Amino acid sequence: MKTFKNKVVVITGAGSGMGRAYAMAFARLGAKLALNDYDREALEQSVALLPEPARSDCFHQAFDVADETAFAAFATAVKQSLGNAHVIINNAGIEGAVKPTWAISKSEIERVMAVNFYGVVNGTRLFLPQLFANGEGAVINVSSVFGLIGTPSNSDYCASKFAVRGYTEALMVELQDSPVDAYLVHPGGIATNIVKKREGQAFNRKFLTTAPEDIVEVVIRAVLGKRPRIVFGNQAFSIRLASGLLPLKLRNWILWRKMRDVLDGAHYPS
């Protein structure tokens, strides 16, 4: 894909953070936008910020990406309103329980997996036929640097982001001879509002410092240059190196030392 002008770009989680930054960037590039977020008010705010004509032409719906039926209705409506999609950016995600593994309930794990993993699966499956119909396209799935390494008090979140990684890497191979490309994004510490729980605020202040607009620019350049993996953001480079080079025991010790001051009183089970 050499240009995004007049191409239909679908973005989930567009109500804030990276999703909003994606919307603004693709609007400036002349794309037609189809936006989603769970938070209707935040989504409307994102639409209101778009420049013309992107704002007037924007199709948007508020729904939970974990809801396959609602997502399918959205995909159909996008096709009817704007035509077949050229790009799907599966960006929507939520934080985990921010607890040690033994303190996380099964329902908490299921909710994180439903949004962070199955939301990506839904978007990929439902929009791939539209991309193929156009004879070109890009699936951009957002994992995390926590999809490269496991970190304390994040086992549920890491599981969801490792799942996105495995799913997308397999998809890359399957699309090798097709007109559609898959891209895997591993954001580092991006300054978004994903961290809402009190337990995660120390982590938020220490690590989430990179502007969303910066990673969006990198992702767009990667898609135009057909570079399938994007690892970018605060701590991203060092985490990528650690994931591939350091012995596991040493890596785990370094992670504990680096993160123990932002963990919220993790106690071993009795």
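Residues are called buried under 20% relative accessible area, exposed over 50%, and partly exposed in between (1.4 Å probe, protein chains only). The structure is a predicted model, in which local features need pLDDT of at least 70 and side-chain atom pairs count only at pLDDT 80 or more, while totals for chains, interfaces and linings use all residues. Residues are numbered from 1 along each chain as its sequence is written, and side-chain values use heavy atoms, with hydrogens and water left out.

The protein chain has 11 helices and seven strands; helices (H or I, at least four residues) and strands (E, at least two) are DSSP runs, numbered from the N terminus. Of the 270 residues in the protein chain, 51% are buried. The accessible surface of the protein chain comes to about 12,700 Å², and 55% of that surface belongs to carbon and sulfur atoms; accessible areas come from the Shrake-Rupley method with a 1.4 Å probe, and for residues only the protein chains shown count as cover. Among contacts (heavy atoms within 4.5 Å) with a separation of 6 or more in the protein chain, 70% are between residues 24 or more positions apart.

Helix H2 spans residues 40-49, and its buried residues are Ala 42, Leu 43, Ser 46 and Val 47. These residues lie on the same side of H2, because they cover an arc of only 140° around the axis; the arc is that of the directions from the helix axis to the C-beta atoms. Arg 40, Glu 41 and Ala 48 are exposed on the other side of H2. The packing partners of the buried H2 residues are helix H1 (17-28), strand S2 (32-37), helix H3 (54-57) and strand S3 (59-62). At the start of H2, the backbone nitrogen of Glu 41 has a side-chain oxygen of Asp 39 within 3.1 Å.

The loop between H2 and H3 contains Pro 53. The peptide bond from Glu 52 to Pro 53 is cis, with omega near 5°. Glu 52 also forms a salt bridge with Arg 55, at 3.2 Å from N to O; a salt bridge is a side-chain nitrogen of Lys or Arg within 4 Å of a carboxyl oxygen of Asp or Glu. Glu 52 is partly exposed, with a relative accessible area of 45%, and Arg 55 is partly exposed, at 32%.

The structure holds 10 salt bridges. In one of them, Lys 106 is paired with Glu 110, and the closest N and O atoms are 3.9 Å apart. Both Lys 106 and Glu 110 belong to helix H5, where they are four residues apart, about one turn of the helix. Lys 106 is exposed, with a relative accessible area of 62%, whereas Glu 110 is partly exposed, at 45%.

A further salt bridge links Arg 165 and Glu 169, with the closest N and O atoms 3.2 Å apart. Arg 165 and Glu 169 are four residues apart in helix H7 (residues 155-174), about one turn of the helix. Glu 169 is partly exposed, with a relative accessible area of 25%, and Arg 165 counts as partly exposed at 24% relative accessibility.

Apart from its neighbours within four places in sequence, Ala 114 is in contact with Ala 66 and Gly 119. The C-alpha atoms of Ala 114 and Ser 160 are separated by 8.6 Å, and these residues are 46 residues apart along the chain.

Positive phi values occur at non-glycine positions. Asn 6, in the segment before strand S1 (8-11), has a positive phi of about 65° although it is not a glycine. Asn 6 counts as partly exposed at 48% relative accessibility. Ser 153, in the loop between strand S5 (137-142) and H7, is likewise not a glycine and has a positive phi of about 60°. Ser 153 counts as buried at 12% relative accessibility.

Leu 246, Leu 250, Trp 253 and Ile 254 make a nonpolar surface patch of about 360 Å². Patches are made of residues with over 30% relative accessible area and no salt bridge, with like charges joined within 9 Å and nonpolar side chains (Val, Leu, Ile, Met, Phe, Trp, Tyr) within 5 Å. Leu 250 lies in helix H11 (residues 248-259) and counts as partly exposed at 39% relative accessibility.

Conventions: A polar contact is a pair of N or O atoms within 3.5 Å; within protein, one must be able to donate a hydrogen and the other to accept it, and residues adjacent in sequence count only if both atoms are side-chain atoms.
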